[in-house]
Amino acid sequence: MLEHVKLPDGLKTISDHKVLFYTLLMFLPIITGFICIGIGRYSVPLQDTVNTILAHLRGQALSSSDQIDKVVWSMRIPRILLALLVGGGLPVAGTAFQSLFSNPLATPDTLGVAAGASFGAVVGLYFNINLLGVQFLALLTGFSAVALTYIIGMRKESREQIAMVVLGGMVISSIFSALVSLIKFIADSDSQLPSITYWLMGSLSSANYYTLMLGAPFIIIGCVLLFKLRWRINILSLSEDEARSMGTNILLLRFLTVLSSTMITASCVSMCGQVGWVGLLIPHICRMAFGSDNTVLVPSSIGFGATFMVIIDTVARSATASEVPISILTALIGAPFFIALLRKSGGWSI
Amino acid sequence: MIKKISLSIVSLLLCLLLVLTGCSTQASVTSSTPAGTSMSTLNPNGEHTVTDNAGNEVTVPNTIDRIAIISTMPLASVYCMFTGSADKLVGLTPSSKNSCVNSMLIKIAPKIADVSTGFATGDAVNTEEVLKLDPDVVFYNTDNASDTAAAEKLQGMGVPCVGFSTTLDEGDVIETVNSWVSLIGDVLGEKITADKFVAYGKEIENIVNERVSKLSDSEKKSAVIITNYTSNGIITVAGNTFGRFWLKSIGADNVALSIEQKVANVNLEQIYAWDPDVIFLNSFSAFTAGDIINSTAVKGQDWSGLTAVKNKDVYKMPMGMYYWFPPCSDSPLALLWMAKTLYPNLFQDIDMNKEIKDYYKDFYGITLTDSDLETIYNPPAASAMQ
């Protein structure tokens, strides 16, 4: 779009930088991912890692030992792919929700979407349905949660909308959390309960190509939709009349935004439980760094979120022999960084 | 009207009962006798005092007709070994009952299928529901904080509660089960079975220890115990307590020695990093050794590169009267089986089938068929921990 407008000399450099910026966003997660393939509990020499990947890409038989092949190709790579997807997905869903509700505090967690989706997923786990079914249930309950929050919080005449939305989200979130606890209460205490509890804390440990095949499409479709809509998402934060005057079908736009964001959240929750914080942390960091323009925010949330998540998950899976739950790390590593940035930049406006 | 009157009479009697029993029960903690040891003194009032695993002195009636086990633990197997039936058992947790009815225990104590479980939902014990069972004595797990709290409450209401610890002597399973056997013997006032059982356990321990202690470090095989493996791909391995005890007792090189938790979640890559010679799969899991060997347990989790899998050295731990991983009345057999499985050459002279059959005849008074043995070695999926 920028190319079509005749720009003054000064602005030309920004558009030049934009190319550089997007290239960086594209390659940062990819490079980080490649580096992290080389890190883990099982020590694999760099040369062997590279050989294994090349061998698989060429469709050849094993280059190095069988074990190295299994560790690199069927354990680390799917897990890193999952981290990239979840890390890219949750923040962009957060960004979209923030614009939709014109609210800096709107995220999958605060709106109750994550809790809603968790409830659907836990019901799925309880009845032992397959992952596709779990995702649909999670999508359904996640969507109901955000719809309820919307109804409670977005009253036209309300002046305290920001607070109302957050309060509504809190109420909806706690209702669904209570329902999750109810299922935990009914669940058998020795077999189902530990797996449900552990899963709720969030873990990418069961990542494999099979779950990726079922879950990734939803996250990718959601991200692509939001990326395509990034110009229009700016309009969402305008008032209804303003938006209508720009000739946009605001209802459809809202629906698509909510659908994409909820779909992303539901899939993430179904595959790896509640990974807290990233949905709030990354969008805010990006806002502080690049401002509130969604055309920049959407891609940067995806790029930086994915990078952040791959690093965090690499720590989770390789720091100690037993896995560290990911939510602990996102909060412990993310929060201080966030506070530092907040104090330095003095916050931001939507 | 009649209903109302009888109800008030019952509640009056119940109050009276509570007051009476409440007076005669002492639950003071004494430091004079160390925890883990037990002793009993008969007194003429129709009751006697025992010292339980928590070191509490508990006064129990000489005649016990109703027993409730309010914790999920392998105690029912030890209890039924004494009495040969579940006739006096009036309460079990749902999870305990499930493992009982799906084990060999149902053979010696078919009535266990009728034992009430209504007092517990999940982990929570409803003390009023326990009172309704009118137990003469309650058994509980001292390592479980909420069960201990429930037991303290019940004790306050006049129900004698005897505590059993699952982790005596740093997870020494044989010692733990021996102390349980002695304690139940004290409570029920029966000593002979207890002495015989303890002697047999010591004998097995000596045989195993004598043979594996001669192994040099290079002859030792490395091993890991997977405590559970569920359909959502989460793998837990045994760390401190039982896991360390088993692997140390059978002379294995414990690859998970660094794990301090009782059980820890690990990823498959960690198992690859350890790459043990032998993998034991606890019977808590519904999967079989074959599921791991063929990587058919969880879609996308590939075990095939591991040394143990390539050599088909993956073994599911049997389930007799209970799962063989935690302490239970089969623990001496479990020790022998694990040692023989890890080092078949050292125990060639031992016929495991015969050992199990003899043991079951001696201690439980039942004759096992070959198909029973098959069930013990290959526990059905329904018997998995619930």
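## A bridge between the chains

B:Glu269 and A:Arg317 form a salt bridge, with their closest N and O atoms 3.8 Å apart. This pair comes from a predicted model, and every value below is computed from that model. The B:Glu269 pair joins chain B to chain A, and across the interface of these two chains there are four salt bridges. Over all chains, the count of salt bridges comes to 14.

Another pairing brings together the side chains of A:Asp66 and B:Lys310, at 3.3 Å from N to O. This pair also crosses between chains: A:Asp66 sits in helix α3 (residues 66-100) of chain A, while B:Lys310 belongs to helix α12 (residues 307-310) of chain B. A:Asp66 is partly exposed, at 21% relative accessibility, and B:Lys310 is partly exposed too, at 46%. If you follow these two residues in the viewer, you will find them in a network of salt bridges that links A:Asp66, A:Lys70, B:Asp302 and B:Lys310.

## The interface as a whole

How much area do chain A and chain B bury between them? The figure is about 2,600 Å², and 55% of it lies on carbon and sulfur atoms. Chain A brings 29 residues to the contact, and chain B brings 35 residues. As background, the size of an interface is often given as the accessible area lost when the parts come together.

## Chain A at a glance

Of its 350 residues, 53% count as buried. Looking at contacts between residues at least 6 apart in sequence, 76% join residues at least 24 apart. The chain exposes about 15,700 Å², with carbon and sulfur atoms supplying 70% of that area.

One place to look on the surface is a nonpolar patch formed by A:Met26, A:Phe27, A:Ile30, A:Ile31, A:Phe34, A:Ile35 and A:Ile39. Together these residues have about 690 Å² of accessible area. A:Met26 lies in helix α1 (residues 9-37) of chain A and is exposed, with a relative accessible area of 53%.

Is A:Thr314 buried or exposed? With a relative accessible area of 5%, A:Thr314 is buried. This residue lies in helix α13 (residues 294-318) of chain A. Setting aside residues up to four places away in sequence, A:Thr314 touches A:Cys36, A:Ile39 and A:Ala319. A:Ile39 is also one of the residues of the nonpolar patch.

A:Gly168 is another buried residue, with a relative accessible area of 1%, and its place is in helix α6 (residues 161-186) of chain A. Beyond its neighbours within four places in sequence, A:Gly168 is in contact with A:Thr149 and A:Ile152. A:Gly168 and A:Ala145 are 23 residues apart in sequence, and their C-alpha atoms are 9.9 Å apart in space.

## Salt bridges within chain B

Side chains of opposite charge can pair when their charged atoms come close. Within chain B, B:Asp349 forms a salt bridge with B:Arg211, the closest N and O atoms being 2.8 Å apart. B:Asp349 lies in the loop between α13 (331-342) and α14 of chain B, and B:Arg211 lies in helix α8 (residues 192-212) of chain B, so the pair ties together parts that are 138 residues apart in sequence. B:Asp349 counts as exposed, at 55% relative accessibility, whereas B:Arg211 is partly exposed, at 23%.

B:Asp87 and B:Lys111 form a salt bridge as well, with 3.6 Å between the closest N and O atoms. This pair links distant parts of the chain, 24 residues apart: B:Asp87 is in the loop between α2 (75-83) and β5 (89-91) of chain B, and B:Lys111 is in the loop between α4 and β6 (120-121) of chain B. B:Asp87 is partly exposed, with a relative accessible area of 48%.

## A helix with a buried side

Which residues of helix α15 (residues 370-377) of chain B are buried? They are B:Asp372, B:Leu373 and B:Ile376. These residues cover an arc of only 100° around the axis, which puts them on the same side of α15(B). The buried residues of α15(B) pack against α4 (105-108) and α14 (352-364) of chain B.

Key:
Residues numbered from 1 in each chain as written. Chains lettered and ligands numbered in written order. Predicted model: local features only at pLDDT ≥ 70, side-chain atom pairs only at ≥ 80, totals over all residues. Heavy atoms only, no water. Patch = residues over 30% accessible without salt bridge, like charges linked within 9 Å, V, L, I, M, F, W, Y side chains within 5 Å. Areas by Shrake-Rupley, 256 points an atom, 1.4 Å probe, with all protein chains shown as cover. Helix = DSSP H or I, 4+ residues; strand = E, 2+ residues; numbered from the N terminus. Buried < 20%, exposed > 50% of the residue type's maximum accessible area, 1.4 Å probe, protein only. Arc of directions from axis to C-beta. Contact = heavy atoms within 4.5 Å. Buried area = accessible area lost by both parts, 1.4 Å probe.
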